[in-house]
Amino acid sequence: VAIFAGWKRYFMWINKGTIYYGDEEGKPKYDIPVAACRSAERFDPDEFAQKKGRDAPSMLTDFAWLLKTVEYTVVFVSDSESQCLAWIDGINSMLPRHQRTLSGFNGHS
């Protein structure tokens, strides 16, 4: 549950093959190379309940989505359905261009 303990609003953007997010727009706190991403997909509250043995927090049931990397999964929550789908579609559309680097990505800078 630690993933929800530090819940906070972040700005998110993509630039030159890297997904950035942080407290302030244009000032990244975290980054994820698109080459390290496997998929972006909708958060499934039923799957969460099955794995964790409890219901998903309500903030995750409407516009949450998952960014799955070679090492971990990050949960993001958008402000709207259209934003949620735009992030998922946008990231997934970038993945084929980065597939050649994905095979060589070891998860370390």
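## Strands, buried residues and ring pairs in a predicted model

Strands 2 and 3 pair in the antiparallel sense over four bridges, where strands count as paired if DSSP finds at least two bridges between them, and where strands (E, at least two residues) and helices (H or I, at least four residues) are DSSP runs numbered from the N terminus. The model is predicted, so local features need pLDDT of at least 70 and side-chain atom pairs count only at pLDDT 80 or more, while totals for chains, interfaces and linings use all residues. Residues are numbered from 1 along each chain as its sequence is written, and side-chain values use heavy atoms, with hydrogens and water left out.

The protein has three helices and six strands, and along the sequence these follow the pattern α-β-β-β-β-α-β-β-α.

Three strands form an open sheet in the order 1-2-3, with antiparallel pairing. Strand 1 (11–15) and strand 3 (30–33) stand at the edges with a single partner strand each, so one side of each is left without a neighbour in the sheet. Neighbouring strands of this sheet are turned by 20° against each other on average, direction ignored, the axes being lines fitted to C-alpha atoms (for helices over the stretch in contact) and angles running from 0 to 180 degrees between N-to-C directions.

Strand 1 is joined to strand 2 (residues 18–22) by five bridges, and the two form a hairpin with two residues between them, where Lys 16 in the turn has a positive phi of about 50°. Phe 11 has Gly 22 in strand 2 as its bridge partner, Met 12 stands opposite Tyr 21 in strand 2, and Tyr 20 stands opposite Asp 31 in strand 3. Strand 2 is mostly covered, with four of its five residues buried.

### Ring pairs

The structure holds seven aromatic pairs, in which rings of Phe, Tyr and Trp (its six-membered ring) have centres within 6.5 Å, with planes under 30 degrees apart called stacked, over 60 edge-to-face and the rest tilted.

Tyr 21 lies in strand 2 and Phe 76 in strand 6 (residues 73–77), so their pair ties together parts that are 55 residues apart in sequence. Trp 65 lies in strand 5 (residues 64–69) and Trp 87 in helix 3 (residues 81–102), so this pair ties together parts that are 22 residues apart in sequence. Tyr 21 counts as buried at 10% relative accessibility, as does Phe 76 at 9%, and Trp 65 is buried with a relative accessible area of 0%. Ring pairs link Tyr 10, Tyr 21, Tyr 30, Trp 65, Phe 76 and Trp 87 into a cluster.

Ala 36, in the loop between strand 3 and strand 4, is buried at 4% relative accessibility. Ala 36 and Val 70 are 34 residues apart in sequence and 5.7 Å apart in space, C-alpha to C-alpha.

Ser 39 belongs to strand 4 (residues 37–42) and counts as buried at 18% relative accessibility. Not counting residues up to four places away in sequence, Ser 39 touches Leu 66, Leu 67, Lys 68, Asn 92 and Leu 95, contact meaning heavy atoms within 4.5 Å.

Definitions and conventions
Buried means under 20% relative accessible area, exposed over 50%, partly exposed in between (1.4 Å probe, protein chains only).
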